[in-house]
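Subject: Structure handover

Hello,

Here is the structure you asked about, followed by notes on what was found in it. Please read the notes with the structure open.

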Amino acid sequence: MAATTLGYSSTVPRALVHREALAEVFLTDYQRQGEGLSVAAQLPRTHSYYNDHTSNPALYDPLVVMEVLRQCGILVSHCLLDAPQESSMVFDGATLDLLDTRPLRIGPRPTHVAVDFQPEQVKQRGGRASGAVFRASVSVDGVEFARGSLEWRWMTRRTWQALRERARASLDLTPRAHLTGLRLPTYLVGRGSAHNVVLAGAETEGDQVTGHVVVDRDHPGLFDHPLDHISGALMFEAFRQTALYAASEVHGLAPRGLVVTSMATEFQRVGEFELPTDCKARVGAVGDDGVLVTMDMVQEEHTIATARFGLERAACFAAPAAGTELVSA
């Protein structure tokens, strides 16, 4: 299905992507393509979370592309794989690779993207689909600029609640101290607003850095609706900020000059609100393609997620030719 047949005039129903705020819905249309969907999305230019970066040149956040893919996965699960509307979705892992960052430059008009989103493997339980591995290709004006994958499962909320109760019963969740100090300065993690900083302090030893994660359940971008666990969005952001801070500490690379060009994340356990959360990073050597940061997110003795983030210098990407068109005020 050609991307030009997709519409960008309104968003899809928010229930189809599990968002509560209309402003957090980025998908605008979808049509059947092969075993999956061709999906349209508009990237936000003025979002208080996704557009609060000090990178130069100004780019759309790679994590908003990941959020578009997450919404595509839920959409396909409901529309093609018959996941019940009240299902609880369990995110197991995701990857994203940017082939070209030029389409992510923020211009005078919102950017429209098209996603070819296909289920690669469908998991079954009791003769019904219960999860899938998805592959995605993301393009602007017919030119592919990113590829990604997602893996998740779904189950009834009753089943999810039973699993959560059993898991929590096996943990010591008695009250314990959490870091309550000031968050890291914004410039150390490439942010403009302190409200979007999710690290409260960090320590460096050689090529290893440990960031202490702030879990702010009132943050509208990271917790769109109430959850009984740490959101995947917060985990992605904590990984990103830890990677930027670690690259700065170990190699002296300024966060405002770096962009995430690849990420691979696996979610192993549910993050509990009661437990302190740390992000432990190991920084690789600086090469022609930037630097790779490998991370573990831990709650005391348990690893809850792992990630590999590739960072490149934003200035390495050639600037587009200067425009000569006159525009009225």
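Two strands pair if DSSP finds at least two bridges between them. The model is predicted, and in it Phe91 has Trp152 of β6 as its bridge partner. Strands β3 and β6 run antiparallel and are joined by 10 bridges.

The sheet

The strands belong to an open sheet of 12, in the order β1-β2-β4-β5-β6-β3-β9-β12-β11-β10-β8-β7, with antiparallel pairing. At the edges are β1 and β7 (199-205), each of which pairs on one side only. From one strand to the next, the twist averages 25 degrees. Strands of a sheet pair through backbone hydrogen bonds, in either the parallel or the antiparallel sense.

β5 and β6 form a hairpin with two residues between them, and Asp141 in the turn has a positive phi of about 55 degrees.

The helices on the sheet

Which strands does α1 touch where it packs on the sheet? They are β1, β2 (36-42), β3 (88-98), β4 (112-125), β5, β6 and β9 (258-267). The direction of α1 makes about 135 degrees with that of β3. Helix α2 (residues 157-169) also packs on the sheet, touching β3 and β6, and its direction makes about 80 degrees with that of β6.

Helix α1 covers residues 62-79. At 1.5 Å a residue, its 18 residues should span 26 Å, and its end C-alpha atoms are 26 Å apart, so the two values agree. Of those 18 residues, 17 are buried, so α1 is largely enclosed by the rest of the structure. At the start of α1, a side-chain oxygen of Asp61 comes to within 2.8 Å of the backbone nitrogen of Leu63.

The core

In soluble globular proteins, nonpolar side chains tend to be buried together. Here the largest nonpolar core has 86 residues, and those touching the most other members are Leu27, Val115, Phe117, Met295 and Leu311. Apart from neighbours within four places in sequence, the contacts of Phe117 include Leu69, Cys72, Gly73 and Val76, as well as Phe134, Arg135 and Ala136.

Thr28

Thr28 is found in β1 (residues 27-33). Is Thr28 buried or exposed? Its relative accessibility is 11%, and buried means under 20%, so Thr28 counts as buried. A polar atom of its side chain lies 2.7 Å from the backbone oxygen of Gly7. Leaving aside neighbours within four places in sequence, Thr28 is in contact with residues including Gly7, Tyr8, Ser10, Ala40 and Gln42.

Positive phi values

Most residues other than glycine have a negative phi. Besides Asp141 in the hairpin turn, two further residues are listed here. His18, in the segment before β1, has a positive phi of about 55 degrees although it is not a glycine. At 18% relative accessibility, His18 counts as buried. Asp82 lies in the loop between α1 and β3, and its phi is positive, near 60 degrees. With a relative accessible area of 53%, Asp82 is exposed.

Regards

Definitions and conventions:
Residues numbered from 1 in each chain as written. Predicted model: local features only at pLDDT ≥ 70, side-chain atom pairs only at ≥ 80, totals over all residues. Heavy atoms only, no water. Helix = DSSP H or I, 4+ residues; strand = E, 2+ residues; numbered from the N terminus. Expected span 1.5 Å × (residues − 1). Buried < 20%, exposed > 50% of the residue type's maximum accessible area, 1.4 Å probe, protein only. Polar contact = N/O pair within 3.5 Å; in protein donor to acceptor, adjacent residues only side chain to side chain. Contact = heavy atoms within 4.5 Å. Core = buried A, V, L, I, M, F, W, Y, C linked by side-chain atoms within 4.5 Å. Axes fitted to C-alpha atoms, helices over the stretch in contact; angles between N-to-C directions.
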